Structures are given as C-alpha cells and as structure tokens.
Amino acid sequence: MMYFDQEKIWLAVGFFGQALFGLRFIVQMIMSERKRRSVVPTMFWYFSVCGGSITLVYALYKGDPVFIVGQVAGLFVYVRNLYLIHQHKLQQIVE
C-alpha cells in the first residue's frame, strides 16, 4: 500500500482550485479579444464556481476563517450570476 503525505495532497487540492479559478481570466481574455470588446462569458462563472468551491474546501481544511468567508461570499456571487444568465435564456425561449 502506498503512503500519501496528506499535507501534499491538500496542497495539490489548493493549487488545483486556484488553477481552475485562474482559468476564468484566460477564458474572459480570449473571448474579449475575439469580440474586440470586454465580455464575460458564461464559462467564466462556471470556472469561478468550480475553482471557488475547491478552494473553499482547501480553506476549510486549513481552518482559515478569512479565506473561508471570502470564498463563500464569492461563491454566492458566481452562483447568482449563473442563475441570472439561465433565467434570461429561459425568458428568451418563452418570448
């Protein structure tokens, strides 16, 4: 049986969350460049939710209340934006 250093695994989880979170900026930049104007694609919010959730798990493991509150607040905003986007799409279908 292999032994895994728990600290290293959690560090990898934290970096993975940050990497997903950082990808949202790359997606936003690419889309803005393509459209030649500033845009925030839906994928930006999905990367925000995924990266923020994984980073929150890491923050919970570390027990850092400042980090935890910041991630929870951010997740509320990301999920709310996705909700508004999907509500708008549903309204367009109905109209």
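Which residues make up the largest nonpolar core? The members are F21, F44, W45, V49, L56, A59, I68, L75, Y78 and L82, 10 residues in total.

## Basis of the model

This is a predicted model, in which local features need pLDDT of at least 70, side-chain atom pairs count only at pLDDT 80 or more, and totals for chains, interfaces and linings use all residues. Residues are numbered from 1 along each chain as its sequence is written, and side-chain values use heavy atoms, with hydrogens and water left out.

## The nonpolar core

A nonpolar core here is a set of buried Ala, Val, Leu, Ile, Met, Phe, Trp, Tyr and Cys residues joined through side-chain atoms within 4.5 Å. Buried means under 20% relative accessible area, exposed means over 50%, and partly exposed lies in between (1.4 Å probe, protein chains only). In soluble globular proteins, nonpolar side chains tend to be buried together.

The largest core includes F21, W45 and L82. Helix 2 (42-62) and helix 3 (65-94) are the elements that give two or more residues to this core. Helix 2 supplies the largest share, 5 residues. Helices (H or I, at least four residues) and strands (E, at least two) are DSSP runs, numbered from the N terminus.

W45 has contacts beyond its neighbours within four places in sequence: V40, Y78, N81, L82 and I85. Contact means heavy atoms within 4.5 Å.

## Aromatic pairs

The whole structure holds 5 aromatic pairs. Rings of Phe, Tyr and Trp (its six-membered ring) pair if their centres lie within 6.5 Å; planes under 30 degrees apart count as stacked, over 60 as edge-to-face and the rest as tilted. F25 and F44 are edge-to-face, because their ring centres are 6.1 Å apart and their planes meet at 75°. F25 lies in helix 1 (residues 6-35) and F44 in helix 2, so this pair ties together parts that are 19 residues apart in sequence. F25 is partly exposed, at 45% relative accessibility. F44 is buried, at 9% relative accessible area.

F44 also pairs edge-to-face with W45, at 4.9 Å centre to centre and 85° between the planes. Both of these residues, F44 and W45, are buried. Ring pairs join F21, F25, F44, W45 and Y78 into a cluster. The ring of F21 has a charge over it: the charged end of R24 sits 3.9 Å from the ring centre. The criterion is NZ of Lys or CZ of Arg within 6 Å of the ring centre and within 35 degrees of the ring normal.

## Helix 1

Helix 1 has 30 residues and reaches 44 Å from first C-alpha to last, close to the 44 Å expected at 1.5 Å a residue. The expected span is 1.5 Å times one less than the number of residues. Its buried residues are G14, G17, L20, F21, R24, Q28 and S32. They pack against helix 2 and helix 3.

What is the relative accessibility of S32? The value is 12%, so S32 counts as buried. Just after helix 1, R36 takes a positive phi of about 60°.

F15 lies in helix 1 too. F15 is exposed, at 56% relative accessibility. The C-alpha atoms of F15 and T55 are separated by 8.1 Å, though 40 residues apart along the chain.

## Helix 2: S48

S48 is found in helix 2. At 0% relative accessibility, S48 is buried. A polar atom of the S48 side chain lies 2.8 Å from the backbone oxygen of F44. Not counting residues up to four places away in sequence, S48 touches F21, R24, S53, L75 and Y78.

## Helix 3

Helix 3 has 30 residues and reaches 43 Å from first C-alpha to last, close to the 44 Å expected at 1.5 Å a residue. I68, Q71, G74, L75, Y78 and L82 are its buried residues. They pack against helix 1 and helix 2. At the start of helix 3, a side-chain oxygen of D64 comes within 3.0 Å of the backbone nitrogen of V66.

Definitions and conventions:
A polar contact is a pair of N or O atoms within 3.5 Å; within protein, one must be able to donate a hydrogen and the other to accept it, and residues adjacent in sequence count only if both atoms are side-chain atoms.
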